[in-house]
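Here is a short report on one chain. Look at the whole first, then follow the text from part to part.

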Amino acid sequence: SETIIRVQNLKKYFPIMKGFLVKKRVGDVKAVDDVSFDVKRKETFALVGESGCGKTTTARTMLKLIEPTEGKVEILGEDISQLTRKEMLPFRRKMQIVFQNPIGSLNPRMTIGQILTEPLLFHNIVKTNKEAYERAVELLRMVGLKPYHMDRYPHQFSGGQKQRIAIARALSVGPEIIFLDEPTSALDVSVQAQIVNLFQRFQEELNLTYIFISHDLSLARFISNRVAVMYLGRIVEMGDVNEVFDHPVHPYTKALLSASPVPDPKVEKQRKRIILTGSVPSPIARPSGCFFHPRCPYKMNICDKEYPKMSNVSENHQVACYLVEKEGV
Ligand code: SF4
């Protein structure tokens with residue numbers, strides 16, 4: 001199917017300023033550093049990694065909530081990194097976001113009815129208030145809420161219900177791509193499953209493409225088709241989710257998988273555990289060569305000298321690690 005997102009050499013650097021009276025730029029935090037990937041329609045593409053790896057900044061830069069330092073983001077064939085605010089409007093509709101914390105994303109002073117009708121009227125999706133109201137009721141039904149909820153305020157709902165409202169609002173404008181930024185991590189496990197089911201149902205019914213941002217590898221595996229593992233601003237391993245998680249090559253991916261629980265104890269036994277030692281190095285002073293070398297149990301001579309290129313493990317699996325040569329591929 002068609003490629004609807006193409007991210008090419010995306011960079012987002014934040015300057016580090018020092019000095020009191022005269023500020024001087026002393027360096028950059030390279031939050032996103034040369035990230036490239038494609039996403040096809042109706043795919044769920046997961047960006048995973050520890051906090052600070054750059055996954056959220058990648059998503060925000062793609063949405064143009066923050067301006068990229070360099071690189072291209074093509075959405076439905078158009079490079080949106082060059083667009084003005086006004087030119088971005090139609091893309092704002094096409095790309096929605098559901099955050100981890102629905103409390104922060106729903107205005108507490110607005111009723112659910114106002115929250116849902118506002119974007120419909122703003123984007124001229126409906127013409128009259130009556131139409132907006134009817135459409136909003138329909139959206140509430142879609143996410144499993146009732147028409148009488150229209151007059152209530154966000155604080156009158158549970159966490160799961162608030163997330164349903166956030167989903168209804170995201171769907172209201174007819175998006176093609178939805179960014180899911182840790183959308184279930186603030187919820188109880190039982191509620192998590194219901195929300196994940198909703199995502200899957202809407203993907204099927206509305207042909208949605210998802211960018212799923214998470215540190216939860218089991219969930220990423222469950223809901224996505226492809227995955228990119230990020231470390232200190234770069235993608236270190238990427239590909240078909242089953243290939244990457246069943247046959248990880250990068251020691252960092254292996255370590256993340258060791259840390260995430262597996263439901264099947266047989267798999268657990270076969271899996272060689274790599275325990276991460278040391279903390280994530282500062283993104284301000286990243287290690288030389290492969291950024292992972294200070295924590296890597298497989299470090300070789302070359303590893304601290306030059307950053308490894310992204311190379312193919314197979315057609316659907318890429319990795320940036322010198323071990324790929326040793327694997328005989
Ligand atoms: Fe470890 Fe070297 Fe691979 Fe980096 S390139 S992950 S240091 S083996």
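Helices (H or I, at least four residues) and strands (E, at least two) are DSSP runs, numbered from the N terminus. This is a predicted model: local features need pLDDT of at least 70, side-chain atom pairs count only at pLDDT 80 or more, and totals for chains, interfaces and linings use all residues. Residues are numbered from 1 along each chain as its sequence is written.

**The whole chain**

The chain holds 12 helices and 12 strands. Its C-alpha atoms fill a box of roughly 70 × 60 × 40 Å, taken along the principal axes. The radius of gyration is taken over C-alpha atoms, and the globule rule is 2.2 Å times the number of residues to the power 0.38. For 329 residues, a compact globule would have a value near 20 Å; the chain has 21 Å, which agrees.

A residue is buried if 20 or more other C-beta atoms lie within 10 Å of its own, exposed if 12 or fewer, and partly exposed in between; C-beta atoms are placed from the backbone. Buried residues make up 38% of the 329 residues. Two residues are in contact if their C-beta atoms, placed from the backbone, lie within 7 Å. Take the contacts between residues at least 6 apart in sequence: 62% of them join residues at least 24 apart.

Lysine 64 and leucine 76 are residues other than glycine, and each has a positive phi.

**Helix α7**

Helix α7 covers residues 189–206, 18 residues in total. From first C-alpha to last it reaches 26 Å, close to the 26 Å expected at 1.5 Å a residue. The expected span is 1.5 Å times one less than the number of residues.

Which residues of α7 are buried? They are Ile195, Leu198 and Phe199. These cover an arc of only 100 degrees around the axis, so they sit on the same side of α7. The arc is that of the directions from the helix axis to the C-beta atoms. On the other side, the exposed residues include Val189, Asn197 and Glu205.

The buried residues of α7 pack against α6 (159–172), β7 (177–181), β8 (209–214) and α8 (217–223). After α7 comes asparagine 207, with a positive phi near 55 degrees.
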